[in-house]
Amino acid sequence: MLSLVSFEHLKLFRDIGHHRSVSRGASLNAISQSAASQHIQELEKSLSVKLLDRSTRPLTLTSAGRLYYDLCRDVLRRKEEFDASLTNLAGDVEGTVRVSSIYSVGLSEMWRLEAEFARRWPEAVLRVDYLRPERVYEAVRTDQADLGLVSYPEPTREIAVIDWRSEEMVVACSPGHPLADFAEIDPLQLNGADFIGFDDELPIRREVDRYLRDRNVAVNLIMHFDNLQMIKEAVMLGSGISIAPARVLQAERDAGRLLAIPLAAPRLYRPLGIIHRRRKKFNRATNQFLSLLQEIPHGIEAGQPALPR
């Protein structure tokens with residue numbers, strides 16, 4: 001019944017089932033929505049079952065659709081393992097590395113990683129998507145990404161974590177702020193300050209709140225955002241202060257647009273981790289990119305040259 005189904009068709013259905021959208025699945029596979037719909041109709045006809053419940057929004061998988069979705073996912077994973085093993089046998093560093101990253105890592109350094117990766121392994125391809133934390137986990141879990149870069153990483157039954165590094169968190173303020181003259185800031189000095197925070201569902205928000213609460217500090221939260229770029233912009237405009245990773249403030253600090261002032265001991269750190277699906281087999285390109293990531297604490301910083309080969 002499935003003799004005419006290709007790997008491309010399996011991927012199409014997997015993406016439609018995962019995103020619960022024919023149009024989204026079609027877009028991810030670079031085909032028209034009508035072509036994707038026609039394939040589903042032909043597939044349902046050949047199997048004599050309905051795979052999608054189109055009466056719901058978003059659409060859902062039927063019981064048969066769930067079985068077929070699991071088959072697609074399993075076959076594609078086996079194919080991926082085969083491709084990785086075949087590439088590893090050849091000994092060449094080629095193929096595609098798919099990375100999903102939270103925005104703050106991408107904004108601060110991914111361009112350096114991409115340039116260094118291209119310099120070392122020109123036959124390989126690095127593809128990076130920037131997503132919210134929960135979507136990075138989803139991309140890794142569903143094989144949309146080989147590796148994920150997240151803060152406050154949490155292992156699960158399906159997700160393994162590789163400890164990457166810790167980033168010091170500092171007080172970010174504009175040059176004209178009353179705190180700007182301090183070389184170090186005691187958390188109690190933040191009491192009552194206008195504060196720009198992260199959205200409350202993000203792990204970094206919970207950790208900053210905990211840090212302040214443990215020190216009996218109550219700030220005046222005037223606005224919150226889901227990404228560091230918006231927080232930096234608000235701080236530079238003088239709207240308030242924030243607590244953010246020093247590493248991602250480097251460019252604005254060098255330009256004199258904001259200050260990054262250390263907190264007095266005990267200081268606060270943000271852990272970063274590399275996540276991947278458990279038992280996932282990497283191709284040589286992914287293994288090399290993973291090695292490059294693990295070199296970062298010793299080499300690729302803002303303004304530094306590329307890592308030695």
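This is a predicted model: local features need pLDDT of at least 70, side-chain atom pairs count only at pLDDT 80 or more; totals for chains, interfaces and linings use all residues.
Which residue lies over the face of Trp 164? That is Arg 165, at 4.4 Å from the ring centre.

The chain has 309 residues, and 48% of them count as buried. Its secondary structure comes to ten helices and eleven strands. The C-alpha trace spans about 75 × 50 × 35 Å along its principal axes. On contacts: taking those with a separation of 6 or more, 76% are between residues 24 or more positions apart.

Now the surface and the charges. The accessible surface of the chain is about 15400 Å², and carbon and sulfur atoms account for 51% of that. There are 41 positive side chains and 42 negative ones. The centres of these two sets are 5 Å apart.

Next, the aromatic rings. A pair of rings is described by two values, the distance of the centres and the angle of the planes. How many aromatic pairs does a search of the whole structure find? The search finds three. One of them is Phe 117 with Trp 121, a tilted pair with 5.3 Å from centre to centre and 55 degrees between the planes. Phe 117 and Trp 121 are both buried.

Phe 117 also pairs with Phe 289. Here the ring centres are 5.7 Å apart and the planes stand at 85 degrees, so this pair is edge-to-face; the cut-off for that class is over 60 degrees. The two residues come from distant parts of the chain.

Is Phe 289 buried or exposed? Phe 289 has a relative accessible area of 0%, so it is buried. Phe 117 counts as buried because its relative accessibility is 1%, and the limit is under 20%. Together, Phe 117, Trp 121 and Phe 289 make up one aromatic cluster. Phe 117 takes part in both of the pairs I have described, the one with Trp 121 and the one with Phe 289.

Back to charges over rings. Besides Arg 165 over Trp 164, there is Lys 79, which lies over the face of Phe 7. The distance from Lys 79 to the ring centre of Phe 7 is 5.2 Å.

Notes
Residues are numbered from 1 along each chain as its sequence is written. Side-chain values use heavy atoms; hydrogens and water are left out. Rings of Phe, Tyr and Trp (its six-membered ring) pair if their centres lie within 6.5 Å; planes under 30 degrees apart count as stacked, over 60 as edge-to-face and the rest as tilted. Buried means under 20% relative accessible area, exposed over 50%, partly exposed in between (1.4 Å probe, protein chains only). Helices (H or I, at least four residues) and strands (E, at least two) are DSSP runs, numbered from the N terminus. A charge sits over a ring if NZ of Lys or CZ of Arg is within 6 Å of the ring centre and within 35 degrees of the ring normal. Contact means heavy atoms within 4.5 Å. Accessible areas come from the Shrake-Rupley method with a 1.4 Å probe; for residues, only the protein chains shown count as cover. Lys and Arg count as positive and Asp and Glu as negative; His and the chain ends are not counted. The place of a charge is taken as NZ of Lys, CZ of Arg, CG of Asp or CD of Glu.
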